[in-house]
Amino acid sequence: MLSTTDNAEPLGRREQNKIDTRRAIADAALDLARSVGPGAFTVDQIAARAGVSRRTFFNYFHSAEDSLTVRTDTFLELALEVFGQRPQDEPLFEAIIRSFSETTRMEGLSLHGELFRMGDANPDLLRAQLHSWERAEARIVGALRRRLGAPASNLYLTALVGCVLSCTKAAMRDWAVSTPESGDDSGEQLEARILASLTMLRDGFVDPTATSAGPAAGS
């Protein structure tokens, strides 16, 4: 999915052509990555498959790996749109978790998991994916600042966003090493792991060895 929510304002022909071209390039890159593997094809091959010139490719992307990260960018953009529509009086972490859950229902995570696995085996693609997350960080901080207002310090916001992104990436890595690539429900399993990691963060990472068998010492 390379578009945003359906209730957006209609686009002009020129803007729609840009979106269509970007989509065609991204689709061509994904097709090549699936058929020959990431890092085994060139920008010229992507451009030829997408039906565009090399120059046009570089109008949209910096590298072959960059063209494979567009879906991560789009997913995060959609999640931010959903987050901005959450009720203002909803607790912050509930808004974050529900925004993620709603976005996955619209887009799903199977493709994102597939791309994450590709990046795990290819340093250049992994670096491009990390840059995609870094690009999103400033936008997420801005969304939180608008929601929380002046009382939220820059340290609070950047630390919070860093924790949210780190939990998400940790969940994706755990999923990648423990879920078979052929699993039909791999997207659902990835979603469950990310939601679990965000819930851990919301709850303060309670000590997993703690039990409710009796009162704590000294109580």
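**Figure 1. Burial and helices in the predicted model of the chain.** Of the 219 residues in the chain, 42% count as buried. The coordinates come from a predicted model. Nine helices and zero strands make up the secondary structure. Read from the N terminus, the elements run α-α-α-α-α-α-α-α-α. When contacts between residues at least 6 apart in sequence are considered, 66% of them join residues at least 24 apart.

**Figure 2. The largest cavity.** Rolling a probe the size of a water molecule over the atoms shows where empty space is left. One cavity of 30 Å³ or more is present in the structure. The largest cavity holds about 500 Å³ of space. Its lining is made up of 26 residues, and those nearest the centre are Phe75, Leu76, Ala79, Phe100 and Trp133. Two or more lining residues come from each of α4, α5, α6 (110-120), α7, α8 (154-178) and α9 (186-202). By residue class, the lining of the largest cavity has 21 nonpolar, five polar and no charged residues.

**Figure 3. Phe57 and Phe58 as an aromatic pair.** The model has three aromatic pairs by the ring-centre rule. In one of them, Phe57 and Phe58 are edge-to-face, with 5.3 Å from centre to centre and 85 degrees between the planes. Phe57 has 0% relative accessibility and therefore counts as buried, buried being under 20%. Phe58, at 36% relative accessibility, counts as partly exposed, because that class lies between 20% and 50%. Ring pairs link Phe57, Phe58 and Phe61 into a cluster. Phe61 is also one of the residues lining the second largest pocket.

**Figure 4. Phe75 and Phe100 across two helices.** The ring centres of Phe75 and Phe100 lie 6.1 Å apart and the ring planes are at 65 degrees, so this pair is edge-to-face. Phe75 belongs to helix α4 and Phe100 to helix α5 (residues 92-107), so the pair ties together parts 25 residues apart in sequence. Phe75 is buried, with a relative accessible area of 7%. Phe100 likewise counts as buried, at 9% relative accessibility. Phe75 and Phe100 are among the lining residues nearest the centre of the largest cavity.

**Figure 5. The second largest pocket.** This pocket contains about 190 Å³ of space. Its lining consists of Arg22, Tyr60, Phe61, Asp66, Thr69, Asp73, Leu76, Glu77, Leu80, Arg135, Ala136 and Arg139. At least two of the lining residues come from each of α4 (70-84) and α7 (123-148). Helix α4 gives the largest share, four residues. The lining of the second largest pocket divides into five nonpolar, one polar and six charged residues, whereas the lining of the largest cavity has no charged residues.

**Figure 6. Arg117 over the ring of Trp175.** Arg117 lies over the face of Trp175. The distance from Arg117 to the ring centre is 4.2 Å. Helix α6 (110-120) and helix α8 (154-178) are among the elements that give two or more residues to the lining of the largest cavity.

How values were computed:
Residues numbered from 1 in each chain as written. Predicted model: local features only at pLDDT ≥ 70, side-chain atom pairs only at ≥ 80, totals over all residues. Heavy atoms only, no water. 1 Å grid on protein atoms, 1.4 Å probe; cavity = no way out; pocket = protein on both sides within 12 Å on 5 of 7 lines; lining within 4 Å. Points joined across faces, edges and corners; volume = space filled by probe spheres on them. Nonpolar A, V, L, I, M, F, W, Y, C, P; charged D, E, K, R; others polar. Phe/Tyr/Trp six-rings, centres within 6.5 Å; stacked < 30°, edge-to-face > 60°. Buried < 20%, exposed > 50% of the residue type's maximum accessible area, 1.4 Å probe, protein only. Lys NZ or Arg CZ within 6 Å of the ring centre and 35° of its normal. Contact = heavy atoms within 4.5 Å.
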